[in-house]
Amino acid sequence: MNRAFNRTSLKQLTGVLQRFQSTLVVAEHNNDTLTPITLNAITAASKLGGEVTCLVAGTNCAQVVEQVSKVQGVQKILVAQHDSYKGSLPEELTPLILQTQKQFNFTHICAGASAFGKNLLPRVAAKLDVAPISDIIEIKSPDTFVRAIYAAVTCPPPAGVSEWLEQCLTKSDRPDLTSAKVVGRRGLKSGDNFQLLYDLADKMNAAVGASRAAVDAGYVPNDMQVGQTGKIVAPELYIAVGISGAIQHLAGMKDSKTIVAINKDPEAPIFQVADLGLVADLFKAVPEMTKALDK
Amino acid sequence: MSTSALINVSAIMSGRVLVGVKRVIDYAVKIRVKPDNSCVVTDGVKHSMNPFCEIAVEEAVKMKEKKLIKEVVVVSCGPQQAMETIRTALAMGADRGIHVEVTGKDYENLGPLQVSKIMAALAKKEDALLVILGKQAIDDDCNQTGQMTAALLDWPQGTFASELSMEGDKIKVVREIDGGLETVKINTPAVITADLRLNTPRYATLPNIMKAKKKKIANVKPADLGVDITSRLEVLRVDEPPQREAGVKVETVDDLLARLKEAGRI
């Protein structure tokens, strides 16, 4: 038997007949907390209409399993705890998922479209000789999905070939970019000027994002990038400060509920998608907003 | 240095890198969907090399310049026009090209699963030490081919790479992940996918463009490689995204904040 499976959870699973749809959601976590995007993946899995199983693999799973057990819509949890799952390497997780699939014959296997999910799922798909579907935004039926293209489709022993060395995570007291309510933005002439956005974001309890230009210029770390190749966000309020509005950037934020643009160039493309536009110098407008919110 | 380490280094210096490049609609073009909703308009539209593929080519050429590898072989799958993309890579410094000819309906249905099978077959045939690809194509935005190629070869993968360094017969990869950066050390042979910040691709100079015309491009068909390119997915329709309603311009910060309060956003 797979050394990695928790025997008690296996016992609960034996004898279950798979009928209709059954979905495996691969949980993303840091051995401490479940990543919020996993909750979105579980919601999506529930829409497929079948039984939802969640796989928690890691070096220390107890806390995460407890969190998953409280999530509505999850019928079963599979636990795989082993030191080889350190760093969630796809070379180690893929054989585990394949073995799980062999045993339970899921009709669907999914994960959130984060760096973790994007790294792992195509590897699993190739091993199953199926074409994976990336970043779905809607489930029409169990075999019909909607996804965005151009910035809508149907459908073991440790490997030991890779080694996780370290992670250097950006520390922040602000909300996570992908789950934040409000996102502020760049266009500033230096990293120091980002402080203006942090001050405003603090007043609104918002996360701060950035365009590619700001990241490439070294003003902020890469994980703050919003856009086609960065993070895709859809907050209640998105404030684009000094953002021109390139297609690649719009792809990452155009589904925000309300978009506000502050830019001194009245011709900037961002004004074509903004619900509220303010043509003004951000160095004046942003501090003024922060001050006004103080009252 | 020990004898075994010396052997490893020489093995790498004789290694070959396979780079996959894709011809896509230029990133600056505003895409239009065909009236019959079958796909997007590609006829008469400016095409160029996928930006992430340019980064992959640059990295391979840099490795060759540092004498870490011996040869850079560039591969593209598609119709005749894919040759232009291969020529561009040759002008950037790749040594030779392989054009995997896929046309008509097969090309319309060509996806990451089929391309990864082709790349895996070529990696074996060419005895590659590394396969370097872009992390995603900007047309289908799949972000799958590298991972799938690695899976088919049973090689480790270093995706979303922003820094690479050879360490003996292993390769250290700094990866761009959601919370910041992550470093992994993987065995070779391996598959790497390039992120935006891995390097800044060079421009091909005119002399190099002329030289590239003399470099060899082999023509092969998927069947020659024993690859079946039948598709598992069917595109039902392609639609324009919903348009946002035109917004309003406000005059002052106070007006902006008042409207946001009214809308319940703050």
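Reader: How many residues of chain B are in contact with chain A?

Author: First, the ground rules. This is a predicted model, where local features need pLDDT of at least 70, side-chain atom pairs count only at pLDDT 80 or more, and totals for chains, interfaces and linings use all residues. Residues are numbered from 1 along each chain as its sequence is written, chains are lettered from A and ligands numbered from 1 in the order in which they are written, and side-chain values use heavy atoms, with hydrogens and water left out. Now the count: 67 residues of chain B are in contact with 78 residues of chain A. Contact means heavy atoms within 4.5 Å.

Reader: What area is buried between chain B and chain A?

Author: About 6,200 Å². Carbon and sulfur atoms give 55% of that. Buried area is the accessible area (1.4 Å probe) that two parts lose on being put together, summed over both.

Reader: Which residues in chain B lose the most area to chain A?

Author: B:Asp178, B:Arg244 and B:Arg265. Together they make up 12% of what that side buries.

Reader: How many residue pairs are in polar contact between chain B and chain A?

Author: There are 34, both residues at pLDDT 80 or more. A polar contact is a pair of N or O atoms within 3.5 Å; within protein, one must be able to donate a hydrogen and the other to accept it, and residues adjacent in sequence count only if both atoms are side-chain atoms.

Reader: Which elements give two or more residues to the side of chain B that touches chain A?

Author: Among them are helix 5 (112-125), helix 8 (253-262), strand 7 (157-167) and strand 9 (180-187) of chain B. Strand 9 of chain B gives the largest share, eight residues. Helices (H or I, at least four residues) and strands (E, at least two) are DSSP runs, numbered from the N terminus.

Reader: How do strand 12 of chain A and strand 12 of chain B pair, and over how many bridges?

Author: In the parallel sense, over three bridges. Two strands pair if DSSP finds at least two bridges between them. A:Gly277 has B:Lys249 as its bridge partner.

Reader: Switching to charges. How many salt bridges cross the interface of chain B and chain A?

Author: Six. A salt bridge is a side-chain nitrogen of Lys or Arg within 4 Å of a carboxyl oxygen of Asp or Glu. A:Asp129 forms one with B:Arg232, the closest N and O atoms being 3.1 Å apart. Over all chains, the search finds 32.

Reader: Where do A:Asp216 and A:Arg212 lie?

Author: Both are in helix 7 (residues 212-216) of chain A, four residues apart, about one turn of the helix. A:Asp216 is partly exposed at 41% relative accessibility, and A:Arg212 is partly exposed at 40%. The scale: buried means under 20% relative accessible area, exposed over 50%, partly exposed in between (1.4 Å probe, protein chains only).

Reader: And which parts does the pair B:Glu167 and B:Lys185 tie together?

Author: B:Glu167 and B:Lys185 meet in a salt bridge (3.5 Å, N to O). B:Glu167 lies in strand 7 of chain B and B:Lys185 in strand 9 of chain B, so the pair ties together parts 18 residues apart in sequence. B:Glu167 is partly exposed at 33%, as is B:Lys185 at 23%.

Reader: Which residues do salt bridges that share partners join into one network?

Author: A:Arg212, A:Asp216, B:Glu176 and B:Arg197.
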